[in-house]
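These are my notebook entries on one protein chain. I set down what I looked up, entry by entry.

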Amino acid sequence: MEQVNLKHGRISMDLERMEVRLRGREVHLGHTDFMVLRALLLHRGAVVSPAAIRGLGNKWPKWDRHDETLAVESAILRIRKQVGARAIRTVWKCGYRVEG
């Protein structure tokens, strides 16, 4: 059974309510951005590739690998604007990892 609440540093997620909070304040994320952040928090500390993010239950259209990577990159940019640029680290040519 999946965790209902995820927390990492200043970020907390309530998966049942589909809410994200930063230092207790609600952050509004779209569905795709929420699912990308969920994937990263479920695997906190590990590098998660764009393909793995897409494969973790995200309901995205069938894209080729290039489009998939761009979609994840766009989601990461939007998430960083909401929760802070330092929260998600890019691991060159591999994927992303949440930082404390």
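**Entry 1**

I note the rule used: a salt bridge is a side-chain nitrogen of Lys or Arg within 4 Å of a carboxyl oxygen of Asp or Glu.

I then asked how accessible each partner is. Asp33 counts as buried because its relative accessibility is 7%, and Arg78 is partly exposed because its relative accessible area is 39%. The cut-offs are these: buried means under 20% relative accessible area, exposed over 50%, and partly exposed in between (1.4 Å probe, protein chains only). Accessible areas come from the Shrake-Rupley method with a 1.4 Å probe, and for residues only the protein chains shown count as cover.

**Entry 1: the basis of the values**

I record that this is a predicted model, in which local features need pLDDT of at least 70 and side-chain atom pairs count only at pLDDT 80 or more, while totals for chains, interfaces and linings use all residues. Residues are numbered from 1 along each chain as its sequence is written, and side-chain values use heavy atoms, with hydrogens and water left out.

**Entry 2: the other salt bridge**

How many salt bridges does the rule give? The count comes to two. I found Glu19 in a salt bridge with Arg21, where the closest N and O atoms are 3.9 Å apart. Glu19 is buried, since its relative accessible area is 19%; Arg21, at 29%, is partly exposed.

Glu19 belongs to strand β3 (residues 19-22). Leaving out residues up to four places away in sequence, I listed what Glu19 touches: Ser12, Met13, Asp14, Glu26 and Phe34. Contact here means heavy atoms within 4.5 Å.

I turned to Val4, in the segment before β1 (5-8). Val4 is partly exposed, at 29% relative accessible area. Apart from neighbours within four places in sequence, Val4 is in contact with Met13, Asp14, Leu15 and Glu16. The C-alpha atoms of Val4 and Glu16 are 6.2 Å apart, although 12 residues separate the two along the chain.

Is Ile53 buried or exposed? Ile53 is buried, with a relative accessible area of 0%. I located Ile53 in helix α2 (residues 50-54).

**Entry 3: charge on the surface**

Which residues gather in a patch of positive charge? I found Arg10, Arg23, Arg25 and Arg86 together in such a patch on the surface. Patches are made of residues with over 30% relative accessible area and no salt bridge, like charges being joined within 9 Å and nonpolar side chains (Val, Leu, Ile, Met, Phe, Trp, Tyr) within 5 Å. Arg86 occupies the loop between α3 (65-83) and β5 (88-91), and Arg86 is exposed, at 77%.

**Entry 4: the whole chain**

Finally, I looked up the overall layout. The chain has three helices and six strands, in the order β-β-β-β-α-α-α-β-β. Helices (H or I, at least four residues) and strands (E, at least two) are DSSP runs, numbered from the N terminus. Of the 100 residues, 40% are buried. The chain exposes about 6300 Å², and carbon and sulfur atoms supply 50% of it.

Technical notes. Lys, Arg positive; Asp, Glu negative; His and termini not counted. Charge placed at Lys NZ, Arg CZ, Asp CG, Glu CD.
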